[in-house]
Amino acid sequence: MYCNWLPILFILKVSLCYSQPESIQAIGARKYLLYAVNPGEGFNLRRDVHMRVENLVRSLRKDEPWVLVLPPWPHLVHWRSNYPQGNIPWKMFFDLDSLNEYVPSIEYEDFLKEYGHEIDRILYLQNYAEGWTSGTWEDKIDPRDCINDVPYIKDNDSEHWKRLGPMFPELRSKEFKCMSAQGFTSILTTQLLGRDNERAILVDRFEQLLHSDFWGDDYWNARKSMVYAKELREEGNRFMKEQYSYIPDSSKGRQKLSTPGPFMAVHLRRADYHYARPDQIPSIEGAAQQLNKLKQETGLDHVFLASDASEKERKLLKKLVSNLVWYKPKNPHLYGDGGVAIIDQWICAHASYFVGSYESTFSFRIREDRQMLGMTRENTFNDICGIKDDENDPHSCEKPTYWPRETPT
Ligand SMILES: Nc1nc2c(ncn2[C@@H]2O[C@H](COP(=O)(O)OP(=O)(O)O)[C@@H](O)[C@H]2O)c(=O)[nH]1
Ligand SMILES: [Mg+2]
């Protein structure tokens, strides 16, 4: 039990121990929340899950001194460059000071040094095998038998559980439970608070739980905490200066820009969209028609392309659309595929006009960046139209969902 040196009054204990700033709080008093996500999930859904965890930890901290452990980035399926990119610390992609301002957060490596590898409990979230039975939505969580194979096995000592795969190979825990869960992240509160003999818990499959405050203040505050790493912002700025003689005053990306960049940006999803959403993407010729029409309408003659398109598709598009460029790092190892994706997003965020891809979380994150930079709805909430609509007409498809809310400040 932490603060057991204060034997008496509970209230005194709360006010003296729990409300102390992190710097004075003894490291020995901290509690640690670790989390993991379904291995198949992409970069940008993971970023959204992180915001959910941040807000849960903030709410836990009203009662106990929890700290968020930043899970190293495993080699994601979309990262196709042929050099090793596993086990990447968060500081490669995000600004640790900004994350920490919002909620105390430490890299997993530092957690191992500070706390060790034996944690108290692992919760593996899953659905309810029986689905929704009551017919009405209910927030609930219950220990249940594991429905599917889980990436956990007993260690050689047959006492501790360990995780299979690249995430957290060092961790061991005597407790492992599958938990059927549905609802908001707040549902975990009862599982985490008030257990004086526990200090470190891993929640796996965290994406099962929903934002407690989707699109509300907590959502935006968490989003604002996820400032991109300085090197990535600077590299994006360097590119914009070189291509468009444009120097943005966006700083960390959380304030209104005085002038948007003199170019249009498109996020054109290809790769797995070819088979996962074939009707929702245009042919390259169709994309070119749409971009050329948008160039005329907006008066913006330069187009920045962010895409996972093949070299062949890019070259064809470049032939059909004048003044179209994309970012290519001189030394890709420096940033990794995740870093290059962020540089692409940062540049798209600064464009005077943006058109994204249908239901792409990559495009969602760009739109959020643009909202923080004060871009208008009209210049931000647009998708490139697929063959299911008129692939030559940029106005033939539905606009992406927009929740009416003041631009966050
Ligand atoms: N650099 C770069 N990578 C992209 C682009 N579009 C897609 N990708 C890659 O493909 C992944 C797409 O997965 P995800 O982040 O889940 O977004 P979603 O699948 O579009 O919702 C990204 O994380 C990138 O690795 C792009 O415009 N630029
Ligand atoms: Mg994805």
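Visitor: Into which domains is the protein chain divided?
Guide: This is a predicted model, in which local features need pLDDT of at least 70 and side-chain atom pairs count only at pLDDT 80 or more, while totals for chains, interfaces and linings use all residues. Residues are numbered from 1 along each chain as its sequence is written, and chains are lettered from A and ligands numbered from 1 in the order in which they are written. With bounds that come from an automatic or database domain assignment, the chain divides into domain 1 (21-219) and domain 2 (229-372).

Visitor: Which helix gives the most to the side of domain 1 that touches domain 2?
Guide: The centres of the two domains, taken over C-alpha atoms, are separated by 32 Å. Even so, 19 residues of domain 1 are in contact with 15 residues of domain 2, contact being counted when C-beta atoms, placed from the backbone, lie within 7 Å. Among the helices and strands, which are DSSP runs of H or I (at least four residues) and of E (at least two), numbered from the N terminus, the element that gives the most to this side of domain 1, with five residues, is H2.

Visitor: How do the axes of H2 and H12 lie to each other, oblique or roughly parallel?
Guide: The axes of H2 (residues 43-60) and H12 (residues 361-372) come within 7 Å of each other and cross at roughly 55°, where axes are lines fitted to C-alpha atoms over the stretch in contact and angles run from 0 to 180 degrees between N-to-C directions. Angles under 35 degrees count as roughly parallel, over 145 as roughly antiparallel, 65 to 115 as roughly perpendicular and the rest as oblique, which means that H2 and H12 are oblique.

Visitor: Which residues of H12 does H2 meet?
Guide: On the side of H2, the residues of this contact are Asn-44, Leu-45, Arg-47 and Asp-48. Their partners in H12 are Thr-361, Phe-362, Phe-364 and Arg-365.

Key: Two residues are in contact if their C-beta atoms, placed from the backbone, lie within 7 Å.
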